[in-house]
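Look at the structure first, then read on.

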Amino acid sequence: MKRILQTLFAGLIILNLSNCKKDENSGPLPLAKFELEKTSISVEEGKTDTVAIKNGGGNYSVSPNSAFAEILFEGEKIVVKALKPGEVVFTIRSDSRQATLEVKVTAKPVQPLEGEAGLYDESGKNMMKAKYKARKADLIWLSDDIKSPYAKYLMMHAVSDKLKPGEKADIGIKSRGIPELEGKTSVSATLELRNGNMAQLKIEGGLRLLCPVKN
């Protein structure tokens, strides 16, 4: 009887030691892989898009700050706000885990101005219809009054016909009666469209201009 009890006691000790060894080897379960629904997206300027987070644990952060796009977190979703054309790679972090998201912001489609040569606001509304147009050498004179061409006018150097859509150029100007251009002797202009001998420009002050180009 004594031998039987000794055998059982020894077996219990071995079993207990074996369980302890298993406990020592077992650690916390590894976290599931932190992933994003997409690794790259393309968003039009001024619009937003969302990307789902997979196996996230909250406590999200993002880097770097970018002038092209902004990142916000809504629950387990990333909201991407497109600010201006360009590309950026964001690193999304959840504590010690991280994933990357490549964002490409594309330009808004350019809407052709409907009308004749003149000055327009950013929405395309006419601000100064060029009822009087004159050209001397590479200078263009636009005025909204034939009888009083000096009352409200814009005199500018003609845009080179070598300028391509999306390219910028500094244009010398002289104006009167146009608050957005008052006191300026030059403006930075971006060519939006060309239609034959007419150029559609986006200039400082939130203005757009439809004018002839220099041949």
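How many cavities of 30 Å³ or more does a search of the whole structure find? The search finds 1.

## Ground rules

This is a predicted model, where local features need pLDDT of at least 70, side-chain atom pairs count only at pLDDT 80 or more, and totals for chains, interfaces and linings use all residues. Residues are numbered from 1 along each chain as its sequence is written, and side-chain values use heavy atoms, without hydrogens and water.

Rolling a probe the size of a water molecule over the atoms shows where empty space is left. On a 1 Å grid over the protein atoms alone, a cavity is a set of points where a 1.4 Å probe fits but cannot get out. A pocket is an open set with protein on both sides within 12 Å along at least five of seven lines. Lining residues have an atom within 4 Å of a point. Grid points are joined across faces, edges and corners, and a volume is the space filled by probe spheres set on the points.

## The cavity

The largest cavity holds about 40 Å³ of space. Its lining is L154, M156, I171, I173, L181, V187, I203 and L209. By class, that makes 8 nonpolar, no polar and no charged residues (nonpolar: Ala, Val, Leu, Ile, Met, Phe, Trp, Tyr, Cys and Pro; charged: Asp, Glu, Lys and Arg; polar: the others, Gly among them).

The largest pocket holds about 610 Å³ of space. It is lined by 17 residues, and E45, K108, V110, E192 and K202 are the closest to its centre. The lining divides into 6 nonpolar, 4 polar and 7 charged residues.
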